[in-house]
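This report describes a protein model, starting with its overall layout and then taking its elements in turn. The sequence and structure are shown first.

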Amino acid sequence: MLGGQKTIRSYWRNYFEQTDGLVWVVVDSSDLRRLDDCKFELDNLLKEERLSGASLLVFANKKDIQGALSPDEIARVLNLDDMDKSRHWRIVGCSAYTGEGLLEGFDWLVQDIASRIYLLD
């Protein structure tokens with residue numbers, strides 16, 4: 001897991017080798033100002049060749065806060081429908097405070113990776 005502070009983002013690419021799954025956290029799905037930064041960073045990350053086959057799980061945190069965008073709204077803001085059609089992705093609303101949605105998201109990620117890996121054997 002990599003942190004999102006701007007000072008360490010340039011080091012992210014050092015960790016991409018043999019990556020099967022990527023978890024992206026929208027820290028506050030009610031903060032529209034930060035979603036533009038989030039979209040920019042995610043777009044740049046997904047351009048990395050070593051991540052081309054990785055499944056993408058997006059956690060939309062703070063779904064329990066009034067005014068939080070739905071997963072469909074966040075998908076539109078992040079423009080996920082327009083990315084490479086071969087990439088498997090899913091957005092799951094969650095609450096880091098209550099834990100709601102976390103197991104659902106990780107279950108999907110593990111199953112998706114397993115389905116791709118076993119097809120390659």
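## Basis and layout

Helices (H or I, at least four residues) and strands (E, at least two) are DSSP runs, numbered from the N terminus. On that basis the protein has 3 helices and 3 strands, and along the sequence they follow the pattern β-α-β-α-β-α. This is a predicted model, in which local features need pLDDT of at least 70 and side-chain atom pairs count only at pLDDT 80 or more, while totals for chains, interfaces and linings use all residues. Residues are numbered from 1 along each chain as its sequence is written, and side-chain values use heavy atoms, with hydrogens and water left out.

A residue is called buried under 20% relative accessible area, exposed over 50%, and partly exposed in between (1.4 Å probe, protein chains only). Buried residues account for 36% of the 121 residues in the protein. Contact means heavy atoms within 4.5 Å. Of the contacts between residues at least 6 apart in sequence, 74% join residues at least 24 apart.

## The strands and their pairing

Two strands pair if DSSP finds at least two bridges between them. Strand 1 and strand 2 pair in the parallel sense over 6 bridges; Gly21 stands opposite Ser55 of strand 2, and Leu22 stands opposite Leu56 of strand 2. Strand 2 also pairs with strand 3 in the parallel sense, over 5 bridges. In that pairing, the bridge partner of Ala60 is Gly93 of strand 3. The chain passes from strand 2 through helix 2 to strand 3 in a right-handed β-α-β crossover. Right-handed here means that, with the strands pointing away from the viewer, the path from the first strand over the helix to the second runs clockwise. Strand 1, helix 1 and strand 2 likewise make a right-handed β-α-β unit.

In a regular strand the side chains alternate between the two faces of the sheet. Strand 1 has a covered face, made of Leu22, Trp24 and Val26, and an uncovered face, made of Gly21, Val23 and Val25. In strand 2 both faces are covered, with Ser55, Leu57 and Phe59 buried on one side and Leu56, Val58 and Ala60 buried on the other. Since 6 of the 6 residues of strand 2 are buried, that strand is largely enclosed by the rest of the structure.

## Helix 2

Which residues of helix 2 are buried? In this helix, residues 71–78, they are Ile74, Ala75 and Leu78. Viewed down the helix axis, the buried residues of helix 2 fall within an arc of 105 degrees, so they line one face of the helix. The arc is that of the directions from the helix axis to the C-beta atoms. Asp72 and Arg76 are exposed on the other side of helix 2.

The buried residues of helix 2 pack against strand 1 (21–26), helix 1 (32–46), strand 2 (55–60) and strand 3 (89–93). Just after helix 2, Asn79 has a positive phi of about 60 degrees.

Ser29 is in the loop between strand 1 and helix 1, and at 0% relative accessibility Ser29 counts as buried. Its side chain reaches the backbone oxygen of Asn61 at 2.6 Å. This is a polar contact, defined as a pair of N or O atoms within 3.5 Å; within protein, one must be able to donate a hydrogen and the other to accept it, and residues adjacent in sequence count only if both atoms are side-chain atoms. Leaving aside neighbours within four places in sequence, Ser29 is in contact with residues including Ala60, Lys63, Leu69 and Ile74.

Gly93 lies in strand 3 and counts as buried at 14% relative accessibility. Gly93 and Ser29 are 64 residues apart along the chain, and their C-alpha atoms are separated by 8.6 Å. Not counting residues up to four places away in sequence, Gly93 touches Ala60, Lys63, Pro71, Glu100 and Gly101.

## Asp112 and the cysteines

Asp112 belongs to helix 3 (residues 102–120) and is buried, at 10% relative accessibility. Beyond its neighbours within four places in sequence, Asp112 is in contact with Ser55 and His88.

Cys38 is buried with a relative accessible area of 11%, and Cys94 is buried at 3% relative accessibility. A disulfide is taken as a pair of cysteine sulfur atoms within 2.5 Å. A search of the whole structure finds 0 disulfides.
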